[in-house]
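Let's walk through this structure together, one step at a time. Have the sequence and the 3D view ready as you read.

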Amino acid sequence: MKIVVLGAGYVGLTTSACLADLGHSVTCCDIDPQRIAALQSARVPIFEPGLSELIAQQMQAERLHFTTDANMAANDADAVFLAVGTPSDRDGDIDLSYVETAAQAIAPYLPSAAVIVLKSTVVAGTARRVKSLVDASRGGGDIAVASNPEFLREGTAIKDFLHADRIVIGADDARSEAVLRMIYAPLALRGIPILATETVNAELIKYAANALLALKIGFINDVADLCERLGGDVTAVADGIGRDHRIGGAFLAAGPGFGGSCFPMDTRAFASSGRRHGAQQPLVETLIERNEARKQALAARIIEAAPRHGRVAILGTSFKANTDDVREAAALTIVPLLVAAGLSVHLHDPQPDAAKRLLSNVQWHGTALGALKDADLAVVLTEWDQYRTLDLPKVARAMAGNTLLDLRNIIDPERAAGAGLNYQGLGRAPLAAAPARRGHGGTAMAQLAASPA
Ligand code: UGA
């Protein structure tokens with residue numbers, strides 16, 4: 001089938017490359033000429049494992065093309081996927097203007113019977129609203145508008161697309177359902193379930209899925225706090241509850257609070273939608289507050305554990321491993337608070353470019369060991385594989401202090417202790433005071449408290 005994808009961001013590019021991989025002829029469009037020029041030379045502007053290779057492969061097979069001229073591409077399209085941005089405002093409401101503008105702009109160029117498919121995450125009711133805008137801009141109702149939410153995780157997006165747990169088709173008419181079923185037929189043949197429902201349900205499925213996954217994380221983070229008070233181990237507790245198949249073990253890893261471009265924004269939009277429609281979502285409202293408070297509490301904990309004016313190594317700034325994305329990453333809350341407390345902050349991340357643009361008054365290092373050198377305190381903030389396999393005796397020798405705060409529980413406590421490190425996991429044991437190796441006049445926390453606001 002002939003498919004146009006509007007938006008060459010993370011979702012648009014993954015969707016384009018994977019739909020081409022399924023055998024469709026795909027044209028991916030973006031209004032940014034530099035981005036498109038780079039893509040036309042097979043240079044991919046985002047870091048996503050396997051994506052560059054898949055894009056190059058599909059371009060070579062001539063199933064994937066890039067252009068800024070969406071209208072031209074649209075004239076013989078069977079379907080147009082909208083994967084444009086939906087920024088959120090301070091109340092949590094998302095801005096649908098890119099989605100609406102893109103749909104209205106392309107509608108006049110589409111052949112009759114084409115389907116506009118909303119891939120961007122949008123609040124319930126958007127597909128129906130876009131349908132009425134499109135009908136108005138065409139002066140008729142021949143274009144269908146469907147919803148097809150994505151469930152891609154950054155870092156594993158290609159696998160999540162090609163080996164999805166399910167594909168949700170939101171269609172209010174038989175034709176758009178048939179077109180989407182045809183597009184996904186290669187995946188249905190591999191046994192992936194296709195769930196067809198009304199657009200409003202598809203839109204709600206996306207938000208409810210993200211909210212429930214985020215609630216699991218928020219819950220286990222609260223349990224982690226209790227484990228610390230009681231001397232328990234949250235990894236053992238998560239394992240024990242996760243093996244109940246009604247609960248499931250996924251998304252039960254305690255950490256520094258969820259971040260990224262999806263969970264924070266989607267939970268806010270879900271809560272805001274509940275408020276607006278008189279169906280409050282108090283669990284999600286509380287989750288949002290707790291998640292932000294957690295990042296601040298962990299910053300205070302690092303400050304408390306560090307010597308005054310001490311040197312802190314932070315390993316990982318991305319919101320999770322295998323991505324360069326720092327949107328709403330814990331590092332963006334924690335690092336500035338450490339700097340404000342007078343700590344000298346040394347950072348490492350395997351994909352540091354985006355973080356470098358956003359974090360100031362810090363020092364970057366090309367290797368984890370470089371950041372750890374002479375550090376009084378080390379903190380693991382992102383679960384990159386290379387931190388799991390750190391040479392711990394080397395780490396202990398490089399550091400000035402010996403406390404290792406593992407906020408992702410990815411390092412074996414016994415291995416760390418064996419290397420002479422004062423290991424502190426998350427939700428694993430009460431935080432003991434780190435033995436200071438250098439003479440300091442008090443903790444950085446005390447200094448922050450003493451400094452004027
Ligand atoms: C999330 C969903 O997992 C995808 O299904 C969805 O398609 C996507 O949002 C979206 O709406 O587009 P993503 O934001 O890429 O994907 O990342 P996740 O792997 O879900 O992680 C989100 C945050 O939760 C990260 O900060 C991560 O570190 C944290 N997390 C995740 C935990 O703290 N503990 C866990 O057990 C899992």
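A backbone N or O atom of Glu154 sits 2.7 Å from an oxygen atom of the ligand. That is a polar contact, a pair of N or O atoms within 3.5 Å (within protein, one must be able to donate a hydrogen and the other to accept it, and residues adjacent in sequence count only if both atoms are side-chain atoms). The backbone also reaches the ligand at Phe319, where a polar atom is 3.1 Å from a ligand oxygen, and at Phe151, where the distance from a polar backbone atom to a ligand oxygen is 3.4 Å. Taken alone, the ligand exposes 710 Å², and the protein buries 93% of that; such areas come from the Shrake-Rupley method with a 1.4 Å probe, and for residues only the protein chains shown count as cover.

Before going further, please note that this is a predicted model, in which local features need pLDDT of at least 70, side-chain atom pairs count only at pLDDT 80 or more, and totals for chains, interfaces and linings use all residues. Residues are numbered from 1 along each chain as its sequence is written, and side-chain values use heavy atoms, with hydrogens and water left out.

Now, what surrounds the ligand? There are 19 residues around it, and Glu150, Glu154, Lys206, Asn210 and Arg408 come nearest; a residue counts as near if one of its heavy atoms lies within 4 Å. The shell divides into 10 nonpolar, 2 polar and 7 charged residues. Here Ala, Val, Leu, Ile, Met, Phe, Trp, Tyr, Cys and Pro are nonpolar, Asp, Glu, Lys and Arg are charged, and the others, Gly among them, are polar. Helix H10 (199–230) and helix H12 (263–276) each supply at least two shell residues, and H10 gives the largest share, 3 residues. Helices (H or I, at least four residues) and strands (E, at least two) are DSSP runs numbered from the N terminus.

How many disulfides does the structure hold? The count is 0, where a disulfide means two cysteine sulfur atoms within 2.5 Å. For Cys29, the closest cysteine sulfur, in Cys28, is 6.5 Å away, too far for a bond.

Finally, look at the loop between helix H5 (97–106) and strand S5 (115–118), where Ala113 is found. Phi of Ala113 is near 85 degrees, a positive value in a residue other than glycine.
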